[in-house]
Amino acid sequence: MPEEGVPLTPKANLLTTEEILTLARLFVKEGIDKIRLTGGEPLIRPDVVDIVAQLQRLEGLRTIGVTTNGINLTRLLPQLQKAGLSAINISLDTLVPAKFEFIVRRKGFHKVMEGIHKAIELGYNPVKVNCVVMRGLNEDELLDFAALTEGLPLDVRFIEYMPFDGNKWNFKKMVSYKEMLDTIRQQWPELEKLPEEESSTAKAFKIPGFQGQISFITSMSEHFCGTCNRLRITADGNLKVCLFGNSEVSLRDHLRAGASEQELLRIIGAAVGRKKRQHAGMFSISQMKNRPMILIELFLMFHDSPPANPSISSWDPLHVQGLRPRMSFSSQMVTLWKGCRVPQALLLAQQRLGSGCFQRHYTSRADSDANSKCLSPGSWAPAAPSGPQLTSEQLTHVDSEGRAAMVDVGRKPDTERAAVASAVVLLGPVAFKLVQRNQLKKGDALVVAQLAGIQAAKVTSQLIPLCHHVALSHVQVQLELDSTRHAVRIQASCRARGPTGVEMEALTSAAVAALSLYDMCKAVSRDIVLEEIKLISKTGGQRGDFHRA
């Protein structure tokens with residue numbers, strides 16, 4: 001809930017019960033087989049049980065779901081189940097009562113927990129729990145939420161923080177899917193990936209031996225626009241073909257003006273036909289005027305084939321799933337939808353690295369050799385060109401309109417990636433001598449710089465805005481003294497297995513190690529120069545290997 005609240009829509013502007021059912025009948029007739037009532041908060045409507053009961057009578061509708069804050073769930077769920085409710089999503093962003101009150105602007109944490117247990121008691125399986133993860137607010141609860149699935153049949157769905165009016169979105173607050181997955185894998189390395197449907201919004205995982213599962217909604221870092229089958233109708237009757245789009249078409253106004261069924265189908269078809277291939281990207285979305293999430297109400301979903309499991313539902317509003325093409329409108333929409341699919345990513349050749357063991361030393365020592373002092377073994381052999389040198393004349397981090405955009409790596413296969421970068425710090429004779437003898441008042445400059453470089457590699461995605469989070473398997477930072485130039489040469493090596501390269505991690509590591517060395521020595525001399533920050537080599541990936549001569 002935005003801090004200032006939201007303006008309440010006049011009752012006359014809201015869809016009536018009959019208008020909701022009229023639209024539902026229209027979509028179900030066209031092949032929709034799943035409807036989800038959301039909000040806002042759908043359970044505050046006094047007619048919600050009647051709406052569910054009426055929806056249940058529609059021939060061809062297989063699933064009726066609800067997304068709720070859970071406050072009123074314990075009281076209403078028995079009636080809703082009897083009316084025909086078959087799927088439940090409960091929004092819960094924290095397991096800490098005081099934090100809950102801060103997020104939703106009201107008390108009620110214990111009522112939500114009661115609602116979750118009531119749903120389990122009545123046989124709903126799984127009960128889906130939606131958790132929007134925000135850095136600095138609840139990312140420290142990831143493991144607590146995942147642990148809930150040990151003894152309860154829950155599907156805890158971690159949702160990337162998305163830009164909407166009023167939620168004060170900031171890129172730094174967003175915790176990416178890869179970062180969340182890495183955190184959970186550190187606790188449960190045996191975590192298993194589960195199969196998913198083509199149109200699924202969630203990447204599902206399970207910890208062996210646990211009753212439930214966890215999922216990730218990756219709308220920002222790895223969008224699923226190419227297989228999206230969802231439409232939304234707001235409580236005031238506007239059709240939204242994209243959750244992140246700000247264009248809306250009023251079906252309510254056409255209904256009240258007496259539009260025929262065929263006219264409504266033509267209006268809906270035209271709106272769906274204008275649906276873009278993908279959303280504008282998180283940075284552009286954050287600048288767009290759009291409703292707060294709490295005011296996006298009803299959600300519809302299209303499919304060009306029925307889902308394998310009709311009980312699997314999405315996390316969003318009146319949610320309609322499963323378009324079975326059988327009329328002119330349906331076949332037209334299926335054609336449009338297929339035309340909007342993002343093609344499969346090309347498979348990349350996997351390049352394996354050797355499994356040699358690297359050493360990292362966290363202490364330094366005085367050395368009788370005045371020319372060098374090393375924290376790690378190994379020589380500095382110059383790299384020679386190797387492999388195809390594929391380049392691109394097109395920048396990858398901007399969209400077709402020149403706006404900043406994160407590269408979608410969701411369809412790339414995981415391959416072995418490695419990169420080496422270097423930097424040079426010219427200290428001058430005085431600072432160099434103190435570093436060489438380990439006599440700086442601040443302490444061992446080389447050890448501090450090495451640790452800073454290792455730490456920087458691990459948090460690169462938090463420093464470089466459009467970088468993906470990478471779960472590094474190895475980081476090595478070497479520092480070598482060069483007495484002829486009164487300099488320290490830094491070399492950073494990173495390795496990982498994933499869909500994206502690690503050259504930015506290596507470059508960030510080398511650069512931050514150099515900056516830390518400057519910080520350690522600045523009290524002695526300000527005449528310190530950082531230079532030659534560059535990529536030495538990278539291996540793995542679609543563009544081939546690179547080795548600097």
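Phe205 is buried, at a relative accessible area of 2%; buried means under 20% relative accessible area, exposed over 50% and partly exposed in between, with a 1.4 Å probe and protein chains only. Phe216 also counts as buried, at 0% relative accessibility. This is a predicted model, in which local features need pLDDT of at least 70 and side-chain atom pairs count only at pLDDT 80 or more, while totals for chains, interfaces and linings use all residues. Residues are numbered from 1 along each chain as its sequence is written, and side-chain values use heavy atoms, with hydrogens and water left out.

Phe205 and Phe216 form an edge-to-face aromatic pair, 5.6 Å centre to centre with 80 degrees between the planes. Rings of Phe, Tyr and Trp (its six-membered ring) pair if their centres lie within 6.5 Å; planes under 30 degrees apart count as stacked, over 60 as edge-to-face and the rest as tilted. Phe205 belongs to strand β7 and Phe216 to strand β8, so the pair ties together parts that are eleven residues apart in sequence. Helices (H or I, at least four residues) and strands (E, at least two) are DSSP runs, numbered from the N terminus.

The structure holds six aromatic pairs.

## Ser215 in strand β8

Strand β8 also holds Ser215, which counts as buried at 1% relative accessibility. Leaving aside residues up to four places away in sequence, Ser215 touches Asp155, Val156, Arg157, Phe158, Ala202, Lys203 and Ala204. Contact means heavy atoms within 4.5 Å.

## Helix packing: α2 with α3

Helix α2 (residues 48–56) packs against helix α3 (residues 73–83) at an angle of about 20 degrees, with the axes 8 Å apart. Axes are lines fitted to C-alpha atoms, for helices over the stretch in contact, and angles run from 0 to 180 degrees between N-to-C directions. The two helices α2 and α3 are therefore roughly parallel to each other (under 35 degrees is roughly parallel, over 145 roughly antiparallel, 65 to 115 roughly perpendicular and the rest oblique).

On the α2 side the contact is made by Val48, Val49, Val52, Ala53 and Gln56, and on the α3 side by Gln79, Leu80 and Ala83. By class, the contact of α2 with α3 has six nonpolar, two polar and no charged residues. Ala, Val, Leu, Ile, Met, Phe, Trp, Tyr, Cys and Pro count as nonpolar, Asp, Glu, Lys and Arg as charged, and the others, Gly among them, as polar.

## Helix packing: α13 with α15

Helix α13 (residues 445–458) and helix α15 (residues 503–521) pack at about 150 degrees, with their axes 7 Å apart. Residues in this contact include Ala449, Ala452 and Gly453 of α13 and Val512, Ala513 and Ser516 of α15. By class, the contact of α13 with α15 has twelve nonpolar, four polar and one charged residues.

## Whole chain

The protein chain has 15 helices and 17 strands. Buried residues make up 52% of its 549 residues.
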